[in-house]
Amino acid sequence: MFQNRKQIILSFFFLVCGIYLIRLLYLQVIDDKYHALGSTGALKKEVQIPLRGQIYDRNGKLLVANVDVYDMKVTPYKVKPMDTTMFCRLFNITRGYFDSTMTLAKTYSRNRATIFLRQLTKEDYARVADAMVSFPGFTFELSFFRTYPAHTMANALGYIGEISKKAYEDQEVEYYRSGDYIGITGLEKQYESELRGRRGVKFTMMNVHGEDKGSYANGEYDTLAVIGKNLISTVDLDVQQLADSLFQGKTGCAVAIEPTTGEILAIGSYPYYDPNILSGKQFSKYFKELYRNPDKPLNDRVATGFFRPGSTFKLAQALVALQLGAIEPSTAFPLGGAPVKCHNHPGSPNDLHNAVRFSCNPYFYNVFRKIMGNTPETNPFKAAPIMLSKWHDMIEKFGYGQKLGIDLPSESSGLLPNVKYYDKRYGAFQWKFSNIYSLSIGEGEVSINMLKMANLAATIANRGYWITPHLVKGFGQNGKGVNPQLKQVHKTFIDPQNYEAIIGGMQDAVERGTVGGGAGIVEGIAICGKTGTSQNKKGRDNSIFIAFAPRYNPKIAIAVMVQNAGFGGSVAAPIATLMIEKYLKRKIERTAIKERMINLSIKTVEAMAAGGAGTINTEKPMPATKTTPKTPIKPKKEAPKPEKTAFIKPKEITPNSTK
């Protein structure tokens, strides 16, 4: 028995050894592929970089394109003694740049090629190509840089840059090389895998002198580079560029959504900058200028900003109260008797319709008081946590206090305070309605970004649901391939008739309410909107307006915020209604209002403290770019004194409660 077992084990051992020997014989003697690939002195591997996918608007207008350039690389061990002065003069670089770059290349690897010079134009390459025979070790690789013919949407589109050391080292599947470009922000980062394409590889036979002896194995093992997928965005470029012009000399943001699809029609954070300036050789210079600008143009105020929603929040309060049965559309409250002041509007009748129309602070104070008291519990310290928890869950359904899921990599959640938040601040059962009543009119601790405000308008337009806001309509010629999660439907579980109860007041707010002087009226279009005036710690209040149009079968929902511009109906509302007019009519008929908004400049507190408007130099970044970028940020004028806010901050709420 022992001998039989021994023979079985030995037989298995010799079988395995035989398989290995046969495989080694095949790889090293029979198959010349591996023999050649293993000989670094006989075979050169060239990686071919594909062009990055271009980006278009919803109507096929080009937003992001590519310009062919050449990157020069150096392999230190191949560099021979040479005329360094002649080399520096040929490429118009300093001796200091040459020495420091060579040192970095040697530190990285003496045997691997690294970037020496980036973005040489075709003309530059043609000028130096013949002279390179005198400078062994330096090679050229066809590359590209991004150009932005529309000069807009810098924050949303994002930019590409050299891969960081950490990102390079953390690759799960090795794809990028040191010095490669990768999406850093915006859509460029979000859709990196689709936009980057697939690299190609070419194997070339070399002799002992490094001379090219032709393609290896007739190109059998070469792979072609595959260009990245073109991205079709949801943005309407005409509406986007109108927003850019209307925000000249102002700081703020605007976002418009198609309610029935969740597609974003326009998205702008201002002051904006021409994205071309972060695409060329002068990236570092311009990035520093943008970073130091007091109005922070690098900040994406739409998706990552934090603002108090102001009176726009009253709409959500009313819907929750109606659904809970705390009020009815006919419920009326007196204009006085509340710690928040009224806007001196007509008071008969002060029902829900007119409260929305005139943005009555005392009315919505009483609405929130009714919500918080809508429980059998008589102890106010015990009742407050019960009803705030229920209120929080219902408000959260509108997208507050969470990420909406937009296809941008840096969306913020904002803050929707809950019981845990106030327990931590005051102590369990140590707070009640009088401590938190500023939430009734969108002040206090609640904070959101402008995307959520536009989403609220879209939810009301849809009478009870919203679709995940997104910026991509599809990829390639067929425009397909969007992640199904971007089309997800989110329900608020509030009855449609409750939405109708506030929509009439919203239409009257635009036509004969808080949007004064007919600034919001567009002939032939029923616009339903709500103004907001949000507090600032310093300077004038923020001007806010949300709206949708038309009233029936809505096509667009919008939110606009202008910092330090005062009353919501004076600045934000005209800008928003002009954008609505442009989208629905494809032209602007109210030219006087358009010119007034374009010429109106409002300095922020930060810009005034810095002693200027933070104008950005938008010098053309690369000779290969045929179009000279416009200067989007203009010197600002002093703004007219805005209407004073009617809200007085309650004593229970500390000044630092919300950023």
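The exercises below work through a predicted model of one protein chain.

**Exercise 1. Overall make-up**

Task: State how many helices and strands the protein chain has, and what share of its residues is buried.

Solution. 
- Step 1. The secondary structure of the protein chain comprises 22 helices and 18 strands.
- Step 2. The protein chain has 659 residues, and 54% of them are buried.
- Step 3. For contacts between residues at least 6 apart in sequence, 73% join residues at least 24 apart.

**Exercise 2. The nonpolar cores**

Task: Find which residues of the largest nonpolar core touch the most other members, and which element gives this core its largest share.

Solution. 
- Step 1. In soluble globular proteins, nonpolar side chains tend to be buried together.
- Step 2. The largest nonpolar core here has 96 residues, and those touching the most other members are Leu352, Tyr363, Phe364, Trp391, Ile460, Leu471 and Ile502.
- Step 3. Helix H18 provides the largest share of this core, nine residues.
- Step 4. Take Ile460 from the list in step 2. With neighbours within four places in sequence left aside, Ile460 contacts Leu315, Leu319, Tyr499, Ile502, Ile503, Met506 and Phe548.
- Step 5. Another core, of 40 residues, lies apart from the largest one; Phe247, Ala256, Leu265 and Ile575 are among its residues.

**Exercise 3. The largest cavity**

Task: Describe the largest cavity by its volume, the residues closest to its centre and the classes of its lining residues.

Solution. 
- Step 1. Rolling a probe the size of a water molecule over the atoms shows where empty space is left.
- Step 2. The structure contains four cavities of 30 Å³ or more, and the largest has a volume of about 200 Å³.
- Step 3. This cavity is lined by 21 residues, of which Ile49, Phe144, Asp180, Tyr181 and Arg199 are the closest to its centre.
- Step 4. Strands E3 (62–74), E4 (114–120) and E5 (138–147) each contribute at least two lining residues. The largest share, three residues, is from E5.
- Step 5. By class, the lining of the largest cavity has ten charged, eight nonpolar and three polar residues.

**Exercise 4. The second largest pocket**

Task: Work out which element gives the most to the lining of the second largest pocket.

Solution. 
- Step 1. The second largest pocket holds about 1,000 Å³ of space.
- Step 2. Its lining has 39 residues, with Tyr97, Ile115, Leu117, Arg118 and Glu162 the closest to the centre.
- Step 3. At least two lining residues come from each of helix H4 (95–108), E4, helix H5 (122–128), E5, strand E6 (160–162) and H11.
- Step 4. Among the elements, E4 gives the most, with seven residues.
- Step 5. The lining of this pocket divides into 21 nonpolar, twelve polar and six charged residues.

**Exercise 5. Glu141 and its surroundings**

Task: Decide whether Glu141 is buried or exposed, and name the side chain that its own side chain meets in a polar contact.

Solution. 
- Step 1. Glu141 is part of strand E5.
- Step 2. The relative accessibility of Glu141 is 15%, so it counts as buried; the cut-off for buried is under 20%.
- Step 3. The side chains of Glu141 and Arg177 are joined by a polar contact of 3.1 Å.
- Step 4. Beyond neighbours within four places in sequence, Glu141 is in contact with Val47, Ile49, Val69, Tyr70, Asp71, Lys73 and Arg177.

**Exercise 6. Backbone angles**

Solution. 
- Step 1. Most residues other than glycine have a negative phi, and most peptide bonds are trans.
- Step 2. Gln119 counts as buried because its relative accessibility is 5%.
- Step 3. Pro271 belongs to the loop between strand E12 (263–270) and helix H11 (283–292).
- Step 4. Pro550 belongs to the loop between strand E17 (542–549) and strand E18 (556–562).

Note on methods:
Residues numbered from 1 in each chain as written. Predicted model: local features only at pLDDT ≥ 70, side-chain atom pairs only at ≥ 80, totals over all residues. Heavy atoms only, no water. 1 Å grid on protein atoms, 1.4 Å probe; cavity = no way out; pocket = protein on both sides within 12 Å on 5 of 7 lines; lining within 4 Å. Points joined across faces, edges and corners; volume = space filled by probe spheres on them. Helix = DSSP H or I, 4+ residues; strand = E, 2+ residues; numbered from the N terminus. Nonpolar A, V, L, I, M, F, W, Y, C, P; charged D, E, K, R; others polar. Buried < 20%, exposed > 50% of the residue type's maximum accessible area, 1.4 Å probe, protein only. Polar contact = N/O pair within 3.5 Å; in protein donor to acceptor, adjacent residues only side chain to side chain. Contact = heavy atoms within 4.5 Å. Core = buried A, V, L, I, M, F, W, Y, C linked by side-chain atoms within 4.5 Å.
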